[in-house]
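Here are my notes on the model you sent, in numbered points.

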Amino acid sequence: MKMRLSLALTLLLAGTAGAQTTGLTVWGGAGTEAYIAPGLTLGLSAPVGQVAGLNAELRGSASVYLLPLPDVTGPLSTINADLLFSGNSGNVNLYGGPSVGYAVGGLWLVGVTGGLRGQFGGGNVGWFSEARFRAMFDSANFIPFPLAGGAFGVTYRF
């Protein structure tokens, strides 16, 4: 069974090496949230259509951040959903759109994400660099706390 799965994955990845990159994209990177909190992110996006000549993708991601506060005992975990609209400008893809997230402990994150991404050579492996501007809301009261953050990393387009 393991041999069949390994062979199937090898054939799948070999078949996508020269293929057109219009399907799923895996995102992985490092960045910050809440201005200085370092963290790691892993996400998956899929195209959902076109709007006014722009490509639209839905991206879901999970992140873990370390908060440098004396009374915080563990990492802050978040899940996020972004609706990204993108267009090409030469070899660079510009993207941006609304973002919503949830942090364990009852915190909601609402805002915008925007960035650049490109490919390394002509393959499916690429890079991204993005900025996020969001407001954090506690589930008990709706007083927004502004947050800024960013991320950079690699992508793989199937």
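1. β6 and strand β7 (residues 125–138) pair in the antiparallel sense over 13 bridges; strands are DSSP runs of E of at least two residues, numbered from the N terminus, and two of them pair if DSSP finds at least two bridges between them. L107 has D138 in β7 as its bridge partner. Five residues separate the strands in the hairpin of β6 and β7, where G121 takes a positive phi near 65°.

2. The model is predicted: local features need pLDDT of at least 70, side-chain atom pairs count only at pLDDT 80 or more, and totals for chains, interfaces and linings use all residues. Residues are numbered from 1 along each chain as its sequence is written, and side-chain values use heavy atoms, with hydrogens and water left out.

3. Strand β5 (residues 92–103) also pairs with β6 in the antiparallel sense, over twelve bridges. L94 stands opposite L116 in β6. The β5–β6 hairpin has three residues between its strands, and G105 in the turn has a positive phi of about 110°.

4. N80 lies in strand β4. Is N80 buried or exposed? N80 counts as buried because its relative accessibility is 10%, the limit for buried being under 20% relative accessible area (1.4 Å probe, protein chains only).

5. Contact means heavy atoms within 4.5 Å. Leaving out residues up to four places away in sequence, N80 touches R59, G60, S61, S63, V100, G101, L109 and R134.

Technical notes:
Helices (H or I, at least four residues) and strands (E, at least two) are DSSP runs, numbered from the N terminus. Buried means under 20% relative accessible area, exposed over 50%, partly exposed in between (1.4 Å probe, protein chains only).
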